[in-house]
Amino acid sequence: MGVGLASLLGVGVVVAGSIDTAATVTAPAQRLDEPVGDLAVVFDVGDVDRFVVEASDRAARRVGGTSTVGRTGSLGMRRITRGQSTVHAPPDGWLIPMVYTSLPRGSIGRVFGADVSAVLGPDAVVMNELTAGQTGTLVGDVVVMQAADGSAVPLTVTGIRPYDQVGSAELVFTFDVAERLGATADTRTVIYGFDDRVSLDDALSAEALTGRTDTKVNRSWDSPDPDDTLSTARTKVALGEPWYRFAADGSVEMHPTWKATNLTDGRVLLDPTIRIRVQCHVEVVDDLRAALADVAAAGLASEIDVANANSAGGCYVPRFSRVSGQIGFLSRHTYGMALDTNTGSNCEGCRPTMNCDVVRIFRRHGFAWGGNFRRPDGMHFEWVGQPRDQIAYPSTFCRNLIAASPDGASADRLGASALLAGDEAMSSEHPASP
């Protein structure tokens with residue numbers, strides 16, 4: 001069973017036709033009081049294409065399940081209000097990123113549970129409990145979002161639900177809200193209502209969904225990958241909320257107070273042997289120093305292209321991976337939490353060439369590596385704040401050198417976080433090859 005997925009009471013069918021369900025695939029009638037169970041999510045780099053939508057439909061039908069399109073992304077939040085008072089807000093004119101998941105109304109209950117679908121409407125959202133705790137939000141508060149066209153859209157928080165139930169999305173809403181926000185791009189398909197995991201995997205393979213370049217399948221029962229990254233919600237807890245805005249030329253900039261509080265004072269020397277100088281988040285610097293010191297101690301200093309890291313690479317580089325208008329994701333470099341090095345031989349989308357012993361050292365010091373992102377990004381080391389070198393997982397590149405448990409069991413599963421797993425950091429950290 002997927003982690004934290006509630007059931008929807010009643011009987012019904014997913015019907016295509018209205019704006020809320022226009023892209024939803026019809027499926028045989030099924031009782032909606034059955035447990036939601038497992039999810040499989042299929043997504044591309046960028047918008048999901050027609051092949052994926054149609055192939056997901058066929059795969060779902062093979063196993064008696066349902067497939068629907070879904071939308072994810074990040075939009076700026078202007079403020080949260082309670083009556084006439086502001087509860088939480090960035091400085092005037094600046095934004096806080098809020099990551100969302102949106103599904104057609106007919107699928108919300110089947111994926112997230114009856115207690116989520118029951119409180120959603122054309123002006124309503126459900127907030128992740130982690131985000132609500134950080135912002136001081138209560139049910140009934142109004143979150144004012146900045147839509148893709150730059151306009152303000154007030155939405156009432158009608159429910160607050162646990163992280164395990166809604167996954168890593170900070171806001172959950174239906175397609176009618178998505179339309180108001182300009183979030184019209186379908187970014188994945190979600191398959192649910194099936195009973196047999198092996199049969200679904202066979203169906204996905206038969207429909208050629210598991211071997212396409214830039215297409216990935218997440219499953220709610222997947223074990224954590226050592227190169228999984230932090231969600232935006234958890235990044236905010238660990239490193240603080242970023243305050244950003246769009247400049248006149250469309251680029252993104254960070255608030256001066258945020259930079260002064262969270263970034264090192266200019267470029268600092270990280271290691272006396274591997275003489276990389278970077279400006280990074282203050283909470284990340286010590287782990288970077290420790291990783292580079294261990295790389296040097298292992299006799300692997302020559303594997304790091306210092307000149308490249310100091311020129312084409314580095315840490316803090318504010319940028320926005322744009323989906324449409326003001327929808328997208330802040331690059332993890334905007335937080336100053338990721339280091340790029342050896343960019344010339346590890347361009348995004350290329351087969352990574354980083355030394356695997358270096359990769360494992362970085363994992364030991366709390367960094368995920370981009371070489372196993374759905375679009376390989378071998379230059380990229382991203383801070384996650386906990387060791388990742390003892391996770392037995394069949395990574396495509398540079399797998400950890402530990403034995404898997406005999407039965408492959410793991411206490412941890414992606415659960416509802418499969419809906420967004422990897423999306424925020426992997427959308428496109430490096431828009432152009434160096």
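In strand S11, which residue is the bridge partner of Thr-68?

Analyst: The bridge partner of Thr-68 in S11 is Val-190. This is a predicted model, in which local features need pLDDT of at least 70, side-chain atom pairs count only at pLDDT 80 or more, and totals for chains, interfaces and linings use all residues. Residues are numbered from 1 along each chain as its sequence is written, and side-chain values use heavy atoms, with hydrogens and water left out.

Strands (E, at least two residues) are DSSP runs, numbered from the N terminus. Two strands pair if DSSP finds at least two bridges between them. Strand S4, residues 66–82, pairs with S11 in the antiparallel sense over five bridges. Strand S3, residues 39–44, also runs antiparallel to S11, and five bridges join the two. Here Val-42 has Thr-189 of S11 as its bridge partner.

Buried means under 20% relative accessible area, with a 1.4 Å probe and protein chains only. Because five of the five residues of S11 (residues 188–192) are buried, this strand is largely enclosed by the rest of the structure. In a regular strand, side chains alternate between the two faces of the sheet. In S11 both faces are covered: Arg-188, Val-190 and Tyr-192 are buried on one side, and Thr-189 and Ile-191 are buried on the other.

S4 also pairs with strand S6 in the antiparallel sense, over seven bridges; in S6, Ile-96 is the bridge partner of Met-77. S6, residues 96–103, is mostly covered, with eight of its eight residues buried.

Note on methods:
Buried means under 20% relative accessible area, exposed over 50%, partly exposed in between (1.4 Å probe, protein chains only). Helices (H or I, at least four residues) and strands (E, at least two) are DSSP runs, numbered from the N terminus.
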